[in-house]
Amino acid sequence: MTHDPGVEALIRQWSQERDESAEDVEIARIKSEWLAEAPSQEPGIPGQRGSAGTADWARIEFADYEYLEAMRKRLPGVPDELLAAAARWWQMVGGLAEAEEWWDAGISPLDQRALEYRAAGLTPSDLSCHLGPYTVLEHLRRGSAAAWCVARLARARRDSASYARKDVAS
């Protein structure tokens, strides 16, 4: 469906979670009761602070319609709940144009690892750069850490800049 094994595994997991047995329903009920007894703390998302300037995190309840429509075009047939959850994550980090740059660079809209890559300092244009025989995206898909790719890119750029200076000097 999406040609990305990570995304397809996520869709399978989501589908399995929706096919609940009586035992699963009972487990969920017990878990809910147990969590209700725990002290309440709203989940926070770094970078999304309330406009009042307090230390509390702002919650994003609903996915922006534009994000959902863009994701529906790229992933037809994926359940709306899954798209809405992914859209909420994407809208927290920036505009739709930036999200589409990541998607165009080869990252699926459902792949939340792109947020990790972005936080590490990668940009969509970095994903097509070659580090040895593989592109950065291929390295990431093979399990390389985003920080490693950022460090290798910085070293490659530094090396190419030093070669350029040597050529100008001679």
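**Group meeting: helix faces and salt bridges**

Arg29 is partly exposed, with a relative accessible area of 38%. On that scale, buried means under 20% relative accessible area, exposed means over 50%, and partly exposed is in between (1.4 Å probe, protein chains only).

This is a predicted model, where local features need pLDDT of at least 70 and side-chain atom pairs count only at pLDDT 80 or more, while totals for chains, interfaces and linings use all residues. Residues are numbered from 1 along each chain as its sequence is written, and side-chain values use heavy atoms, with hydrogens and water left out.

First, the overall layout. The chain has 170 residues, and 28% of them count as buried. Its secondary structure comes to 8 helices and 2 strands. Helices (H or I, at least four residues) and strands (E, at least two) are DSSP runs, numbered from the N terminus. Read from the N terminus, the order is α-α-α-α-α-α-β-β-α-α.

Back to Arg29. Which residue does the side chain of Arg29 meet in a salt bridge? The partner is Glu26, with a distance of 2.4 Å, N to O. A salt bridge here is a side-chain nitrogen of Lys or Arg within 4 Å of a carboxyl oxygen of Asp or Glu. Both residues, Arg29 and Glu26, belong to helix H2 and sit 3 residues apart, which is about one turn of the helix. Glu26 has 35% relative accessibility and also counts as partly exposed. Helix H2 covers 22-37, and the loop between helix H1 (5-18) and H2 is the place of Glu20. Glu20 has a relative accessible area of 49% and is partly exposed.

The search of the whole structure gives 7 salt bridges. In general terms, side chains of opposite charge can pair when their charged atoms come close. I will go through two further pairs, and both involve helix H3.

Asp104 is exposed, with a relative accessible area of 59%, whereas Arg74 is partly exposed at 34%. There is also a network: salt bridges with shared partners join Glu69, Arg72 and Asp80.

Now the helix faces, starting with H3. Its buried residues are Tyr67, Leu68, Ala70 and Met71. They cover an arc of only 165° around the axis, so they are on the same side of H3. The arc is that of the directions from the helix axis to the C-beta atoms. Tyr65 and Lys73 are exposed on the other side of H3.

What is buried in H5, residues 96-104? There we have Leu96, Ala99, Trp102 and Trp103. Looking down the axis of H5, these buried residues fall within an arc of 120°, and therefore line one face of the helix. The face turned away from the buried side of H5 carries two exposed residues, Ala97 and Asp104. After H5 comes Gly106, with a positive phi near 115°.

Helix H6, residues 113-120, has Ala114, Leu115 and Tyr117 as its buried residues. Their arc around the axis is only 160°, which puts them on the same side of H6. H6 is followed by Gly121, and the phi of Gly121 is positive, near 115°.

Thr135 lies in S2, residues 134-135. Is Thr135 buried or exposed? Thr135 is buried, with a relative accessible area of 14%. Between the C-alpha atoms of Thr135 and Cys149 the separation is 9.7 Å, and the two residues are 14 residues apart along the chain.
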